[in-house]
Structure formats: C-alpha cells, structure tokens
Amino acid sequence: MTATFGERLERVFSDYGRLCVGIDPHAWLLSEWGLPDTAAGTREFGLRVLDAVEGNAGIVKPQVAFFERFGSAGFAALEDILASARSRGVFVIADGKRGDLGTSVEAYGQAWLTPGSPLEADALTVSAYQGVGSLAAPSALAESTGKGLFVLAATSNPEGSELQQARMLSGTTVARAIVDEVNTWNAAHSTTGLGSIGVVIGATLNLADFDLDVAPTPAPPVLAPGFGHQGASVPAMRSIYGALTSGVIVSESRSVLGAGPNGIHAAVRTRAEDVRQASA
Ligand SMILES: O=C(O)c1cc(=O)[nH]c(=O)n1[C@@H]1O[C@H](COP(=O)(O)O)[C@@H](O)[C@H]1O
C-alpha cells in the first residue's frame with residue numbers, strides 16, 4: 001500500500017529534520033551566483049541548490065513563478081530540477097499556489113501530483129479562495145498517490161491579514177475556518193499521524209490574531225514561510241506555533257540562497273542544524 005503523504009513527511013522529519021530550502025531564482029540572485037537571468041540560469045541554480053540540499057536537508061520548495069517567467073523553457077528547466085530531486089530522494093513542495101473551481105483545479109492537481117507527470121512533485125501549494133470544498137479533486141488525488149497539498153490559511157505577508165482575519169458567519173476567522181476544514185478532511189481520510197492536506201501559516205504572524213493559537217488536533221502539516229529574510233527567527237519556532245509545532249516545516253529561501261554558490265552548502269548545513277535544535 002502506498003505510504004500516505006503524512007507518513008512520508010514524518011519520515012523526512014526523522015531523517016533530515018524540518019528545514020525546507022526554497023528554490024527561488026530571483027534575477028538578482030542569479031546575478032550574484034554568476035548565472036544568466038535565463039531559463040538555463042534557473043536550471044543550473046536549482047541543480048546547485050539540490051547539490052547543497054542532498055544529504056543535508058530533506059525538502060525543497062521551488063517557487064514556480066520564477067520559472068514561469070521564461071515560458072516553456074522555464075517549465076523545462078523546472079522539470080529537470082523536479083526529476084533530479086526525485087532521483088536524489090529530496091522531497092519537493094511545488095509552490096504554484098493554484099486554485100480554481102473544482103474541474104479546473106482538478107487539472108492543476110493532475111499536472112503536479114500525478115506519478116509520472118512531467119511536473120510531478122510531492123506536494124503543491126493551493127489557494128482556497130473558491131472554498132476548501134473546491135479542492136476536493138486534488139485532495140482525493142493526493143490521498144490516492146501519497147502526495148500532499150498545502151492550503152493557504154494565514155500568509156506571512158502583511159497584506160493578507162485583513163482578509164484572513166475576517167470573520168465568517170460562524171464567527172470564526174477565515175484562516176481558522178480553512179484550517180478546521182482541512183483538519184476535517186484529514187480526520188476523514190487519514191487514520192494515523194499527519195494528514196495529507198496541510199496548511200500554510202506564516203511565521204511572521206501572531207497566531208492569536210487568526211484564532212490559531214489554540215491548535216486543532218491532531219496538528220496538520222504546516223508549511224511555515226517567513227523565517228529568515230522576512231524576519232521570523234528559528235529559535236522562536238515553538239513560541240510562534242505552539243501545539244502546531246509538530247507539523248511545522250521551516251521554509252527559507254533568500255536567507256539561505258543569499259550565501260551564494262560557494263557558501264550554500266555550509267548555509268544549508270547550519271540552517272538544518274538550527275532547525276533541528278529548535279524543534280528538538
Ligand atoms: O506558500 C509559500 O511558500 C508562501 C506563503 C506565504 O505566506 N509567504 C511566503 O513567503 N511564501 C513563499 O515562501 C517564499 C519566501 O521566501 P523568503 O522570504 O526568501 O524566505 C517565497 O517563495 C514565497 O512565495
């Protein structure tokens with residue numbers, strides 16, 4: 001039987017810890033790395049990040065937008081990076097933030113979560129602006145293939161807070177309602193441990209502002225961007241996430257990538273150790 005996403009993620013946590021290195025080939029980073037701002041540059045950048053991650057951390061998160069800038073050539077570069085990550089056993093969260101009504105988002109799920117698809121990843125970030133229920137098809141695909149989704153709930157950027165703290169007719173915040181719906185899905189589909197559907201909750205936030213300070217049980221997988229460049233500190237991980245900490249994936253891009261091609265190996269090793277200590 002295929003291992004569930006939650007089981008696979010827990011194995012990554014115990015083998016490598018919770019650090020996720022973002023693969024975000026910003027134009028300025030490509031320049032600092034001595035690479036051209038082209039699809040070939042993004043490919044080389046991604047492969048070099050994988051060289052540094054392999055054996056030192058377990059998860060990468062390519063930000064699809066930086067590849068999409070180059071159209072089909074950018075997607076071809078991303079396909080090579082995804083294939084390389086698979087062959088190295090590095091877990092991939094594709095950061096595509098897809099969302100739409102059911103039949104269209106179903107196709108996004110097929111693109112990113114189907115085994116053998118050119119863009120196959122282990123998980124995909126998705127938006128629930130059309131309702132968590134609109135994500136039923138990719139959620140079901142994830143369950144059947146041992147893959148996962150991360151649904152945006154409370155994002156690290158300040159512009160999201162007003163919308164995400166707004167109260168539903170039930171009185172709960174939008175962010176909390178998304179987390180609760182995800183947990184209901186997981187409870188109905190996963191019998192053990194972390195579920196297949198996770199949420200995105202930024203590390204820059206005060207979770208009480210989103211009614212997320214009292215954690216739902218069991219905690220879902222939590223993709224946690226906002227550490228490093230956006231200001232959140234890894235040693236504060238437990239105080240930020242409280243009872244959600246058991247599912248947290250610490251995601252950092254610029255703060256690690258900024259070490260450059262010569263410093264990236266040491267940066268990943270140091271960061272991974274910091275995260276292991278903070279989550280011990
Ligand atoms: O889904 C994400 O990964 C994400 C959600 C969120 O709330 N905030 C956020 O910054 N991100 C992504 O996480 C990465 C953060 O990059 P750094 O700020 O450089 O660590 C970017 O790729 C963002 O698109």
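1. Helices (H or I, at least four residues) and strands (E, at least two) are taken here as DSSP runs, numbered from the N terminus. The model is predicted, so local features need pLDDT of at least 70 and side-chain atom pairs count only at pLDDT 80 or more, while totals for chains, interfaces and linings use all residues. Residues are numbered from 1 along each chain as its sequence is written.

2. The loop between S6 and S7 holds aspartate 211. This residue is not a glycine, yet its phi is positive, about 60°. Aspartate 211 counts as partly exposed because it has 19 C-beta neighbours inside 10 Å. (Buried means 20 or more other C-beta atoms within 10 Å of the residue's own, exposed means 12 or fewer, and partly exposed lies in between, with C-beta atoms placed from the backbone.)

3. Proline 218 also belongs to the loop between strand S6 (197-201) and strand S7 (222-224). The peptide bond that joins threonine 217 to proline 218 is cis, with omega about -10°.

4. Lysine 97, in strand S3, has a phi near 45°, a positive value in a residue other than glycine. It has 16 C-beta neighbours inside 10 Å and therefore counts as partly exposed.

5. Helix H6 (residues 102-113) has twelve residues and spans 16 Å from its first C-alpha to its last, close to the 16 Å expected at 1.5 Å a residue; the expected span is 1.5 Å times one less than the number of residues. Which residues of H6 are buried? They are Val105, Gly109, Trp112 and Leu113. Seen down the axis of H6, these buried residues fall within an arc of 80°, so they line one face of the helix. The arc is that of the directions from the helix axis to the C-beta atoms. Their cover includes strand S3 (91-98), strand S4 (123-126) and helix H7 (136-145).

6. Helix H3 (residues 39-53) packs against helix H12 (residues 260-279) at an angle of about 35°, with the axes 8 Å apart. Axes are lines fitted to C-alpha atoms, for helices over the stretch in contact, and angles run from 0 to 180 degrees between N-to-C directions. H3 contributes Arg48, Val49, Ala52 and Val53 to the contact, and H12 contributes Pro261, Ile264, His265 and Val268. Two residues are in contact if their C-beta atoms, placed from the backbone, lie within 7 Å.
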